[in-house]
Amino acid sequence: MQKVFGYPRSLTPKRTHYCPGCTHGIIHRLIAEAIDDLGIQEQTVGIAPVGCAVLAYEYFDVDFQEAAHGRAPAVATGIKRVHPEAIVFSYQGDGDLASIGTAEIIHAAARGENITVIFINNTVYGMTGGQMAPTTLPGQKTTTSPYGRDITKVGYPIRVCEMLATLDGPAYIERVSVHDPKHIIKAGRAIRKAFEMQIAGKGFSLVEVLSTCPTNWGLTPVKALERLKEEMIPYYPLGVFRSTEEVAKE
Amino acid sequence: MTYEIICAGFGGQGVMLIGELLAYGGMLEGKNVTWFPSYGPEMRGGTANCSVVISDQPVGSPIVSEPDGLIAMNGPSFEKFKGTVKPGGAIVYNSSMIETAPVIPGLKMLPVPTNDIASELGNNKVANMVALGAFIGLTKIITLASAEKALEQVLPERHHKLIPLNVAALEKGMALVK
Amino acid sequence: MERVMMKGNEALAEGAIRAGCRFFFGYPITPQNEIPEYMARRMPEVNGVFIQAESEVSAINMVYGAGGAGGRALTSSSSPGISLKQEGISYLAGAQVPCVIVNVARGGPGLGGLTPSQSDYFQATKGGGHGDYHLIVYAPGTGQEMVDLIGLAFDKAEEYRNPVMILTDAIMGQMMEPVILPPIREVTTEKPWATTGKKGRAKPNLINSLGIIGEDLARINIELQEKYRKIETNEIRYEADGTGDADLIVVAYGTTSRVARSAINMLRAEGKKVGLLRPITLWPFPKQILADLAAQGKRFLVVEMSVGQLVEDVILAVNDRAKVDFFGKLNGTVPTVREVYNTINALLQKGGA
């Protein structure tokens, strides 16, 4: 019989610390599957962020560096320049990437740095207890926007993919979601594609994954998935925002 | 023996190069040397200057405040530094730009019409080399041969075709010293 | 070997290249721009990497990535930029990533000035960033030491897996002096801890300073402190010139040590017994030699371009066994030889302790 499903080799057997219903675990798995499929486990170096995924290095069976808050793209740059043959990816949340680390992500993208960024957007700071993130939706209640995000006072959410797609440096930018099996499969393909772009030396690739935070949203896991689908996707549309391959085809 | 020099003038008169050649020449003669460009607040007042120290011992301060020798290429720098030269020291000043200079007792003072001589050589830019030639002649702090050799090392390759002109200017300046 | 004239900043840069540094990440700031400019020209010639980062913050984190991946990585900056790098420096120390950081210091606080200063001594030697950590800090006193100490810095950084700082200033950086350059060396240090990709290793490598699990943080700190004690035992460097018969010893590093040396030479020519103690490592600090000299009845004068930072370490080392005087210039001016000469003379005339 052919084995069609198994535990990814690139994940350690360790149980994650993530909350019940959190989608980090799914996304970790998708990354590990891509690494397995592409046969790059022995040459991959990951960069863990500050945020809920700070312990990501416990779960991936690949070399890792822990970065300071927001600095992962700079750290990834340093690693990639020393080992151009390595496959380097950062795993960053929305506070990390789109707030404190905006300079790092924009300039890594602008340089066309040949790295892959997995960007988790769940519209809150998870680990610190559910504060407002740069991606928090208008009106959304968080611990630091207790009356709902008031766009007249704190401004608008940042759409990272759209913003980075204006640059000439990136090779591949896609936004995906993990709210149902169909979309999880699509997300897996996007992550794999991003790694393939790096392997081919095409340059900077980023996959934004719309994700849930049932704990800080105060929703059950199922309700959280519904919110993702009904409230987040309309604001953060899914799709490929930039692909140099398609540009070449046109 | 430690010999300390200040080279000063307008920016663009090539005073930094004079200093570099003195330092390089000293190095080629096996001495300890330092060269230090004017920096920060000293830049005010329109003069550029550099300090050079040539010594048999390890050099202490690279910043010279009481020089043994002064090369002043314009009026403001002459005014600024003339009073700092040690007794028994030497001043070479550019008499093309400094028409009247007071005689300072206890100092060897040599007026050199550097711009006029440089013009005679066909290139006003080598006025600094005329002054350096005169300074070397007056103080014997390095040899003319060392200064010429230093030119080859200090000037970028693309300017090496100008070395004969610079050497001619050095020699003209040196010839002023009887 | 042939002597060549080089500016201090360029001597540092070429010294790094000769010592096998192939990764430079920097950001423009006066008065250290000669270093990134030199590296931008030079790195491509040796198949190295030069990146002008988007900020000092990014530059130090690129160093973290590159150093953690096993490369010989360097960044340089000047005081305000070094303040920005402090977050990264703390992480580098915590994760034990070898690298070299150059501070061509200028006056502060805040934007300060462009003129030379020694007012970053505390920042360099007492931490600078958060947490209990130390950098090895070298203070070059000559152009030749710019070349030699940056080479040593890379070796020591790797030997101890610790970031090393070269603390210098605008005078040392702008001054030209003859130097002898060593040949380019191949670096063959084994770095079994580096993140290279597992490449068949059973366990993945991890570069990390996080210690939230169980006793991790205590373990990390105990390990660091043991390392620091070893560095204090083995790595202290200083120059003692004429301290044997001296009644008064000037303590100074870098630029002020040069000014002091000129003043001391004048005084010794007059038969006065004055010596120079020049710390070459600012951390670890040469405490014992100072304590020994104090026990012999010497008195001290500390000369700094600051309101008095090094002087605190001298007072601690001397520990009330001798008198310590201070002469400092506030940011922007270098003490003249005459000022230091007069200060020493006045102290000698006032008589002993």
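Me: How many residues does the contact take from chain C and from chain B?

Reply: Start with the residue lists on each side. This is a predicted model. Chain C puts in 25 residues and chain B 22 residues.

Me: What area is buried between chain C and chain B?

Reply: The size of an interface is often given as the accessible area lost when the parts come together. Here chain C and chain B bury about 1900 Å². Carbon and sulfur atoms give 63% of that area. On the side of chain C, the most area is lost to chain B by C:Arg3, C:Met5 and C:Met176. Together they make up 31% of what that side buries.

Me: How many salt bridges does the rule find across the interface of chain C and chain B?

Reply: Look for charged partners on opposite sides. The rule finds one salt bridge across this interface. B:Glu66 forms a salt bridge with C:Arg338. Their closest N and O atoms are 2.6 Å apart. Polar contacts are counted separately. Nine residue pairs are in polar contact between chain C and chain B, both residues at pLDDT 80 or more.

Me: Which elements give two or more residues to the side of chain C that touches chain B?

Reply: For chain C the elements are strand E1 (3-7), helix H7 (170-174), strand E8 (176-180), helix H9 (254-269) and helix H12 (337-350). Then sort that side by class. It has 13 nonpolar, six polar and six charged residues.

Me: Now the other interface. How many residues of chain A are in contact with chain C?

Reply: 35 residues of chain A are in contact with 33 residues of chain C. The two chains bury about 2600 Å² between them, with 58% on carbon and sulfur atoms. In chain A, the residues losing the most area to chain C are A:Glu42, A:Asp63 and A:Gln65.

Me: How many salt bridges does the rule find between chain A and chain C?

Reply: Five salt bridges are found across this interface. For a specific pair, take A:Arg71 and C:Glu87, which form a salt bridge. The closest N and O atoms there are 3.0 Å apart.

Me: Which elements does chain A bring to chain C?

Reply: Those giving two or more residues are strand E1 (44-48), helix H2 (56-59), strand E2 (63-66), helix H3 (72-82) and helix H5 (102-111) of chain A. H3(A) gives the most, with seven residues. By class, this side has 16 nonpolar, nine polar and 10 charged residues.

Me: Strands can also pair between chains. Which strand of chain C pairs with E2(A)?

Reply: Check the sense and the bridges. E2(A) pairs with strand E9 (residues 206-207) of chain C in the parallel sense, over two bridges. A:Phe64 stands opposite C:Leu206 in E9(C).

Me: Is helix H1 of chain C enclosed or open?

Reply: Count buried residues along the helix. H1 covers residues 8-18 of chain C, and 10 of the 11 are buried, so the helix is largely enclosed by the rest of the structure. Among the buried residues are C:Asn9, C:Leu12, C:Glu14 and C:Arg18. Just after H1(C), C:Gly20 takes a positive phi of about 95°.

Me: Is A:Asp168 buried or exposed?

Reply: Compare relative accessibility with the cut-off. Exposed means over 50%. A:Asp168 has 70%, so this residue counts as exposed. A:Asp168 is found in the loop between helix H7 (160-164) and strand E7 (172-177) of chain A. Its C-alpha atom is separated by 8.8 Å from that of A:Arg111, 57 residues apart along the chain.

Note on methods
Residues numbered from 1 in each chain as written. Chains lettered and ligands numbered in written order. Predicted model: local features only at pLDDT ≥ 70, side-chain atom pairs only at ≥ 80, totals over all residues. Heavy atoms only, no water. Contact = heavy atoms within 4.5 Å. Buried area = accessible area lost by both parts, 1.4 Å probe. Salt bridge = Lys/Arg side-chain N within 4 Å of Asp/Glu carboxyl O. Polar contact = N/O pair within 3.5 Å; in protein donor to acceptor, adjacent residues only side chain to side chain. Helix = DSSP H or I, 4+ residues; strand = E, 2+ residues; numbered from the N terminus. Nonpolar A, V, L, I, M, F, W, Y, C, P; charged D, E, K, R; others polar. Buried < 20%, exposed > 50% of the residue type's maximum accessible area, 1.4 Å probe, protein only. Pairing = 2+ DSSP bridges.
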